[in-house]
Amino acid sequence: MSSSAESTTPASTSETAVNFEQVTYFLVTGASRGIGAKMAIETARKFKPGSIVVLLARSASGLEQTRSDILSVNPHVTVVTSSVDLATASKELLNQILDKSIGKTSLDQFQLACVIHNVGTIGNVERKAVELDDHAEWQDYFGTNVFTVAVLNSCFLRKFSGTGEGCKKLVVNITSKACLAPFQSMTYYCAGKAAREMYFRVLAEEEAEAGVTVLNYSPGPVETEMTVDIQSRSNAPAIREYFKNLRDTTTILTTEQTTAKFLHILQNGLFKSGDHVDYYDH
């Protein structure tokens, strides 16, 4: 079930392998639940004292739960939460969040700066592509899933641009097979994921010499509120049946499974910068 023809021979581990057992600045969007929360918890578990973890999402209560879970597995890190609507967040607000999280800490202390762009919404799955004629709805969807993601990424990399070779920069885009293949009823999701992944592929090409490593990770079909929503609201019977069958046969992935595979891929450097790597590729 490999979803990319580009993920062939992995790069040598010296090129893209990531050591998380360092002093790290770590930012995760969509961190209040699901895949984002689990990735934040399990990755932060490995960080050295002095690390800063920044969690962004709309749900303040969800963020606080993730923060508590992180501190229970690694009490030696600082966890900062920010309840923010990424559909409308400005560059100024995002820079303010970054500055506040860093405070008076010297950027030179960080050996790794990592951002996981996990934020994502499914969009309207009750209508077909030909029926999606609301310009404001299109703008809102791309605002959350593409535009602000790109702006935040620029703010993040600019913040750490002066740290030199002593600080590895890692950018992770949580993508989907839907960026490569069309799925009925999922017009917004497919179009948004395709645009977003191409942004990160260009970024990988342009910033290779600057020491930026990029991974587009497709987590596979996971037991989350999003897939429940698709199963219940999709206008396509085949899509509803697909997710029903995954649940009936208990073959749908857990957040624990996909996070473990994600960490395995990163820690072993099983990708070239810019690659689309699916859960089922390894």
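**Exercise 1.** Determine in which helix Thr43 is found, and whether Thr43 is buried or exposed.

*Solution.* Step 1: Thr43 belongs to helix H2 (residues 34-44); helices here are DSSP runs of H or I with at least four residues, strands are runs of E with at least two, and both are numbered from the N terminus. Step 2: the relative accessible area of Thr43 is 0%, so this residue counts as buried, a term for values under 20%, with exposed over 50% and partly exposed in between (1.4 Å probe, protein chains only). Step 3: leaving aside neighbours within four places in sequence, Thr43 is in contact with Phe20, Phe26, Phe262 and Leu263, where contact means heavy atoms within 4.5 Å.

The model is predicted, with local features needing pLDDT of at least 70 and side-chain atom pairs pLDDT 80 or more, while totals for chains, interfaces and linings use all residues. Residues are numbered from 1 along each chain as its sequence is written, and side-chain values use heavy atoms, without hydrogens and water.

**Exercise 2.** State the order in which the seven strands form the open sheet, and identify the edge strands.

*Solution.* Step 1: the order is E3-E2-E1-E4-E5-E6-E7, with parallel pairing; two strands pair if DSSP finds at least two bridges between them. Step 2: strand E3 (78-83) and strand E7 (276-278) each pair on one side only, which makes them the edge strands. Step 3: at one end of this order, three bridges join strand E6 (residues 212-218) to E7, and Ser218 stands opposite Asp278 in E7.
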